[in-house]
Amino acid sequence: MTAMAAHELKEYEGLINRLSQVVKLSDAFPDQMSDEGLEGILHFLPSNLAGSMRAFLAPRIRDVSIEILKTYGAWLDSAFRAGEEGKKVFLIPFNFPPEVIHCFEGAWPVTSEVLSTLGVASLEGQGERYWDYAMGLGLPDSACSANMIEVGSALTAVDFKPDVIISDCLGSCDINSKTHEFLARYMDIPLLFLEKTVDNSERGINQYYLYFKTLVEEVEEFLGEKLDEERMREVIGNANRASELYWELWDLHKYSPCPVPNIFSLFLYGIRYTMWGTEDAVKAIEAMVDKCSERLKKGEYPAEMEVARAIWSYTSYYFDMAGFFNWMEEHGITHLGDGLDLFFPQVIDTTSRETMIRGLAEIARNMPMTRQMGASSMSVQWLDDIIWATRELDADCVIYCGHHSCKQTWSGASVMRSELMKRTKIPTLILQGDSWIGRMTPMSALQETIEEFVNNVVKQRRTTVRAVG
Amino acid sequence: MNALQCLQSQSTDIFTEYVRDWKEKGGKVLGYACVATPVEVIEAAGILPYRIKAFGHPDTELGDAYLARFNCRFCRACLQLGLDGTYDFLDGIIETNGCDHLRGMFENWQHVKGYEFFHYLKVPHFVREDSLDYFEEELSLMRQAISKYFGVDITDEALLKAIKTYDEIQGKLKKLYALREQARPAVTGAEVMQIICTGSSLRGEDFGALLTGILEEKANASVPPYRARLMLLGSATDEIDLVREMEAQGALIATDALCFGSRSFWARAGGKGDPVRLLAERYLSHLFCPRMFTEYQERWDYILETARRANVDGAVIVYNKFCDLHGVEAVSQRMDLEKNGIPVLVLEKDYGSQADTGRIKTRVQAFLERIGG
């Protein structure tokens with residue numbers, strides 16, 4: 001009875017606490033699940049969770065999805081056990097490399113945007129109650145829901161509390177850096193930070209390294225733990241292996257029809273922002289690569305033909321996974337990845353502590369948003385990266401989701417669209433909506449616009465149609 | 001025409017007679033938008049530093065074509081004036097990373113107009129020895145860039161002279177604030193905003209001379225009766241009409257913590273040594289802007305000290321829709337002001353929009369009634 005009470009959820013419970021219960025469901029999934037078995041499970045799940053599970057557990061990706069869900073479960077479970085194990089939990093944003101935290105024995109990272117996304121995907125009522133709580137405090141409704149949903153939950157004081165926050169959004173995102181600052185003050189927990197110098201010159205890069213080293217020293221001081229070279233080597237070894245696998249997966253995207261399922265874009269960066277540097281991350285990405293290689297051999301694609309190959313230039317939509325990722329590929333629209341997949345992983349030289357720290361700094365400098373929005377020119381760096389990706393992956397259109405909070409990308413979207421057309425003749429669709437909150441623009445409206453764009457603009461311009469087989 | 005009338009007559013023009021005259025005499029003009037830009041460097045080059053403003057300009061159709069409706073309307077209005085030719089008198093622009101919207105504004109402006117001289121001054125978001133060193137180098141690079149492009153030698157002597165000029169301006173503006181904040185105020189909030197806005201389009205020595213005249217004229221003046229003394233704080237606003245409208249409802253904006261107000265000059269004085277290092281320390285250490293990270297306490301101390309000095313009955317936090325920095329900061333400011341017994345009105349508004357006027361008037365009236373004004 002006592003043990004049961006320990007797991008009982010309060011009437012108004014925080015996002016992480018609720019999530020920790022939901023992700024445990026994946027432990028109960030058998031490795032092989034029949035369609036009938038899945039339908040039976042979905043029947044008993046709340047509608048929002050059932051909808052996401054329908055996307056995750058589509059037959060063509062079911063085995064990999066179960067592996068991924070178990071990885072997220074282990075990640076969250078470790079955060080809950082951190083206190084018992086004498087570890088400190090670091091709340092980090094998506095653009096901070098979690099392997100830096102994994103390099104410390106006494107630390108564990110939780111990533112606010114991943115928590116928000118999992119919450120939206122799996123909790124009844126998605127993340128709206130936490131968003132509403134934050135709005136109730138007076139925080140602006142133009143804030144980023146990716147961050148604010150989790151932060152709103154943290155502000156309720158009925159949720160899991162991290163020990164410290166790292167913000168590395170200074171220079172690349174005002175709203176997130178201000179939100180982190182507010183949260184740390186409100187919760188009375190320490191705030192460590194790393195500024196991105198908006199300067200791509202050698203001088204700017206060196207200054208960033210200097211800031212990064214200071215941050216590492218501050219983490220060491222906070223934890224009372226010096227970075228151990230052997231542990232770093234092990235963690236970075238895993239990160240290096242994951243980076244190699246990332247590029248294998250990248251290359252698999254080049255085939256047409258694309259053997260990489262649309263939702264793998266999300267799976268990949270979900271792992272990147274949480275578990276990079278762990279063996280679990282390597283296993284999860286290996287499973288993705290194996291699945292795609294197998295699909296390539298068999299010539300599998302969910303639609304009769306691939307009618308469009310789209311790069312999503314910044315984020316995707318996460319409030320209806322089935323309506324977004326699965327719907328597109330079932331209509332022949334390949335999602336080649338979005339801006340959050342563009343983290344340009346590199347193999348780090350593990351010769352010494354110094355080479356590893358410098359390598360980690362370089363990784364941090366190239367994380368999504370940091371790299372583009374924290375560049376000397378937001379629009380130019382963003383444009384360069386998207387042009388490179390469209391050429392690499394033979395994309396025939398770009399779609400900008402228009403997440404309403406992203407003021408930086410919104411301010412570069414016009415330059416992006418016109419320059420992309422001038423230089424590559426690739427059209428861009430600009431949507432408007434909130435990536436994490438469905439009440440801004442419903443998925444049906446987004447689907448309709450995407451379909452019109454593909455049928456009226458993209459298809460008309462294509463010279464070849466990629467038939468399956 | 002007295003000194004204040006002289007300022008008022010041009011206060012909402014962009015291409016003023018003063019600037020026209022300066023240009024006709026062969027003078028150069030450099031535009032900048034953020035108070036983190038050390039104007040002393042521009043001044044020392046013999047160039048007119050011109051702070052980009054929009055004065056509540058209501059049209060944004062060109063600005064909207066490049067920025068988006070999710071960007072701050074102040075930036076869209078400034079971009080509008082940049083793209084429609086109003087700002088064509090500028091000989092170049094100094095960009096700063098004041099905020100994400102401002103960066104977007106500059107990038108689009110430059111994308112369309114392609115100024116030959118477009119220099120990006122990168123301002124760190126925190127104050128530490130390493131960030132100060134970096135900012136000092138940034139100022140040296142700005143100095144070099146201006147020297148090279150405009151063919152002028154910016155000597156240390158010229159820099160020190162410009163610093164002295166702005167120190168004198170600061171002293172005079174503080175005297176003006178004393179006249180504004182005293183028990184029987186001699187100057188209104190709208191007048192002060194006019195003075196500061198107009199002064200940001202003048203050469204330092206000319207602004208200093210005008211301030212001397214204004215101080216003499218206002219020494220024994222008094223403002224009309226008012227219902228309550230308010231402090232105005234928040235985001236970049238050069239909307240003199242907005243302040244005038246608030247004061248028409250019976251408020252007296254007795255002081256402010258605005259960047260078109262006291263934040264543009266208050267703490268920037270003192271220190272000595274190498275002029276570039278001095279400017280780096282003065283500017284980075286005293287921005288009092290929410291763009292600066294982990295400095296809430298310093299900003300709060302500044303706000304509270306200002307509110308107490310002016311003995312205000314309430315505070316109005318005003319910020320433009322989609323302003324991330326002030327949108328978040330307003331929550332803490334409201335909580336802390338109220339904890340200190342200062343009633344607060346938070347006004348999130350659309351910059352320059354006539355449609356917001358009625359709503360704002362109603363809210364200000366209601367606030368004045370609430371605080372017993």
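How many residues does the contact take from chain A and from chain B? In this predicted model, chain B gives 37 residues and chain A gives 36 residues. On the side of chain B that touches chain A, helices H4 (61-66), H6 (100-113), H7 (129-150) and H14 (324-339) of chain B each supply at least two residues. H14(B) gives the most, with 9 residues. By class, this side of chain B has 19 nonpolar, 10 polar and 8 charged residues.

The largest nonpolar core has 276 residues. Among those with the most contacts inside this core are Ile285(A), Val398(A), Cys78(B) and Leu230(B). The core lies between domain 1 (2-201) and domain 2 (229-467) of chain A, because both domains give residues to it. Val398(A) touches several residues, including Ala310(A), Ile386(A) and Leu420(A).

Helix H8 (residues 112-122) of chain A is largely enclosed by the rest of the structure, because 11 of its 11 residues are buried. Glu113(A) is one of these buried residues.

Most residues other than glycine have a negative phi, and most peptide bonds are trans.

A cis peptide bond joins Ser256(A) and Pro257(A), with omega about -5°. Pro257(A) is in the loop between helix H13 (229-252) and helix H14 (264-272) of chain A.

Definitions and conventions
Residues are numbered from 1 along each chain as its sequence is written. Chains are lettered from A and ligands numbered from 1 in the order in which they are written. This is a predicted model: local features need pLDDT of at least 70, side-chain atom pairs count only at pLDDT 80 or more; totals for chains, interfaces and linings use all residues. A residue is buried if 20 or more other C-beta atoms lie within 10 Å of its own, exposed if 12 or fewer, and partly exposed in between; C-beta atoms are placed from the backbone. Helices (H or I, at least four residues) and strands (E, at least two) are DSSP runs, numbered from the N terminus. A nonpolar core is a set of buried Ala, Val, Leu, Ile, Met, Phe, Trp, Tyr and Cys residues joined through C-beta atoms within 7 Å. Domain bounds come from an automatic or database domain assignment. Two residues are in contact if their C-beta atoms, placed from the backbone, lie within 7 Å. Ala, Val, Leu, Ile, Met, Phe, Trp, Tyr, Cys and Pro count as nonpolar, Asp, Glu, Lys and Arg as charged, and the others, Gly among them, as polar. Lists of a residue's contacts leave out its neighbours within four places in sequence.
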